[in-house]
Amino acid sequence: MNFIQTRGCDKNSPQSVTFSQAILSPIASFGGLYVPENLPNLGKEFLNKHINSSYKELAFDMLNRFEIDIEKNVIEKALNLYDKFDDSSNPVPVVKVKENLYISELYHGPTRAFKDMALQPFGVVLSSIAQKRGEHYLILAATSGDTGPAALETFKNRANVQVACLYPDGGTSDVQRLQMVTENAKNLKVIGIKGVFDDAQNALKKLLASTDFKTALKEKNILLSAANSVNFGRIIFQIIYHIHSYLELVRQKAITMGEKVYLNVPSGNFGNALGAYYAWKMGLPVEKIIISSNENNVLTKLIKTGKYDLRDSHVVSTTSPAMDILKSSNVERILFDLFGYERTKELMENLESKNFYELNADELTTLQNSFDADFCNGDEGKKYIKDTFYDNGYLMDPHTATCMKSYETCSNPNIKTIAYSTAEWTKFSPVIANALTGEIDTEDLKALVSISKEANLKIPDIIKELFTKEIVQKTVIEKEDIEKEILKFL
Ligand SMILES: *Cc1c(COP(=O)(O)O)cnc(C)c1O
């Protein structure tokens, strides 16, 4: 299968590219993104065939139907990384928490958040492509917390790739920082920036666009790539778990095969939700996809009013920081799918030049046929965590909690919901400790111990060990010195 471009094709790039090419240079003509030319239709036959399959068997067959230019043994090797999850026979448990509400837990991987679902196999795929082409890549990542640890974890000690990961010093949680600065591998460099996440992100964008930097890399025989969430190499692995979660409900006899469900997704850059949308288009029985946000509620406004409006908005810090995003990149792929490349180019160019676009009435109706949305603020989130769920025996993180508001406001209670849980309680412990006991902790360790006592839960060894592990990545620099520091590392 080939990949085409969301804003059409300029004269400088090919009409369509292979999967490998789309992975290696994810930005397309006019600043657009790559999308599959068509999606495989899986239909009922596929779902019935996999009713008793393991996660890996389902994933392998689904990826095969995409007919991507990746060898079968590489795909197998990539999927084997799900064996490292808590339960290798079922890396994504789906748990009933209420009469009509099921939670699909996407956080059982090595860094305890959902980024592992895609980045774990992606690391194997990217490294294999690089080896096959005899090329060496520098992967740049800027992180506010979850992507960095997951990217380092997947690329560590892999051939033909080096990673430079930028994080705002003081701008991540203790656990997230420790997950990065204790990573000890020759091909990884972690750099703390004296600044905020936007400084790290802007520095990264500048480097990606800099010809001087690319020339300096070329002299060292290194090419540049990025592992950000617009990379289709990540998206493709995010279709699988939606199908798996549906089949889990059938296996648990919660639904009959063919019965429609809501998929409720805590959203930031819209990768998770896009995976849900593609799964639906490929034949999964879905009633609607519900987009949950925090106070940074641009997506709620888009889906309710058709307006994507950033004119007076700035990002606010919330208790669900992985969703503190205003430019939600993967929405572009939905626009393309619903309205075509010409309209997508027009809308995205409006967003870039005027910080605003507006869908017409027909377009809004089309969007609303697939999506509904609501947002949840931090105080409401804490109530869901404590009163609604913890008091009834289920502990969830603040990102997952944003789904509980939209579950109440957007869904017909007679239709079952799969909501996605994107982080373990260990990743955002101060917020959760505060919700459970009212205490205000500034340190993760204190909060972890306190939740562990209160809820009688064991702190997983992977998290506990972080606090005694040697810190090996000690670089913290001014943002002006990033380029020099990276070249020194290479
Ligand atoms: C990245 C992330 C999200 C948002 O996912 P998108 O695919 O970017 O919409 C939600 N929760 C957590 C914990 C995350 O790390």
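Mentor: Two strands pair if DSSP finds at least two bridges between them. Helices (H or I, at least four residues) and strands (E, at least two) are DSSP runs, numbered from the N terminus. This is a predicted model: local features need pLDDT of at least 70, side-chain atom pairs count only at pLDDT 80 or more, and totals for chains, interfaces and linings use all residues. Residues are numbered from 1 along each chain as its sequence is written, and side-chain values use heavy atoms, with hydrogens and water left out.

Now the sheet. Six strands form an open sheet in the order E3-E4-E14-E9-E10-E13, and the pairing is mixed. Direction ignored, neighbouring strands are turned by 25° against each other on average. Axes here are lines fitted to C-alpha atoms, for helices over the stretch in contact; angles run from 0 to 180 degrees between N-to-C directions.

Look inside the sheet next. Strand E4 (residues 101-105) pairs with strand E14 (residues 417-421) in the parallel sense, over 5 bridges. There, Tyr102 stands opposite Ile418 in E14.

Then the helices. Contact means heavy atoms within 4.5 Å. Helix H11 (residues 237-251) lies across E3, E4, strand E9 (261-266) and E14. H11 runs at about 130° to E14. Helix H12 (residues 271-281) lies across E9, strand E10 (286-293), E13 and E14. H12 runs at about 175° to E10.
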